[in-house]
Amino acid sequence: MDGGPIIIQAAIPVRQDEDDEQLLDRIHVFEHRIYVQALQWMAEGRLSLDGRRVLLAPSDRPASGQQMPLSLVWPPLEEGF
């Protein structure tokens, strides 16, 4: 699952006041959203490979307006995710 090319990725800062378990809980929130988004793109046939680079075909579905604070998700989640 983690050995292939990157389809979607999230980055969050590590807080000084949190322990490993708290950080893992925050990471899982992102993983549970981006994993489902990647599966949706795959089911729609919108992913293709160029070497080890994943290309995402455009869609009419708008980007989600629900970006989580202090995070970066690329490509952006679409509406419903």
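## Ser-64 and its surroundings

Leaving aside residues up to four places away in sequence, Ser-64 touches Arg-33, Leu-77, Glu-78 and Glu-79. The model described here is a predicted one, and in it Ser-64 sits in the loop between strand 3 (53-56) and strand 4 (72-74). Its relative accessibility is 11%, and because buried means under 20% relative accessible area, Ser-64 counts as buried.

## Arg-26 in helix 1

Arg-26 belongs to helix 1, which spans residues 20-43, and with a relative accessibility of 17% Arg-26 counts as buried. Its side chain makes a polar contact with the side chain of Glu-18 at 2.8 Å, while the backbone oxygen of Pro-13 lies 2.6 Å from a polar atom of the Arg-26 side chain. When residues up to four places away in sequence are not counted, the residues that Arg-26 touches are Ile-12, Pro-13, Val-14, Arg-15 and Glu-18.

The salt bridges in the model come to 6. One of them pairs Arg-46 with Glu-44, with the closest N and O atoms 3.1 Å apart; Arg-46 counts as buried at 9% relative accessibility, whereas Glu-44 is partly exposed at 32%.

Glu-44 also meets Arg-61 through their side chains, in a salt bridge of 2.4 Å from N to O. Arg-61 lies in the loop between strand 3 and strand 4, and Glu-44 in the loop between helix 1 and strand 2 (47-50), so this pair ties together parts that are 17 residues apart in sequence. Arg-61, at 26% relative accessibility, counts as partly exposed. Through shared partners, salt bridges join Glu-44, Arg-46, Arg-61 and Glu-78 into one network, and Glu-78 is also among the residues that Ser-64 touches.

## The Asp-50 and Arg-53 pair

A salt bridge also forms between the side chains of Asp-50 and Arg-53, at 2.9 Å from N to O. Asp-50 has a relative accessibility of 43% and therefore counts as partly exposed.

## Surface patch and cis peptide bond

On the surface, Tyr-35, Val-36, Leu-39 and Met-42 form a nonpolar patch, and together these residues have about 380 Å² of accessible area. Tyr-35 lies in helix 1 and is partly exposed, with a relative accessible area of 43%.

A backbone feature is found at Trp-74 and Pro-75, which are joined by a cis peptide bond with omega of about -10°. Pro-75 lies in the segment after strand 4.

How values were computed
Residues are numbered from 1 along each chain as its sequence is written. This is a predicted model: local features need pLDDT of at least 70, side-chain atom pairs count only at pLDDT 80 or more; totals for chains, interfaces and linings use all residues. Side-chain values use heavy atoms; hydrogens and water are left out. Helices (H or I, at least four residues) and strands (E, at least two) are DSSP runs, numbered from the N terminus. Buried means under 20% relative accessible area, exposed over 50%, partly exposed in between (1.4 Å probe, protein chains only). A polar contact is a pair of N or O atoms within 3.5 Å; within protein, one must be able to donate a hydrogen and the other to accept it, and residues adjacent in sequence count only if both atoms are side-chain atoms. Contact means heavy atoms within 4.5 Å. Patches are made of residues with over 30% relative accessible area and no salt bridge: like charges are joined within 9 Å, nonpolar side chains (Val, Leu, Ile, Met, Phe, Trp, Tyr) within 5 Å. Accessible areas come from the Shrake-Rupley method with a 1.4 Å probe; for residues, only the protein chains shown count as cover. A salt bridge is a side-chain nitrogen of Lys or Arg within 4 Å of a carboxyl oxygen of Asp or Glu.
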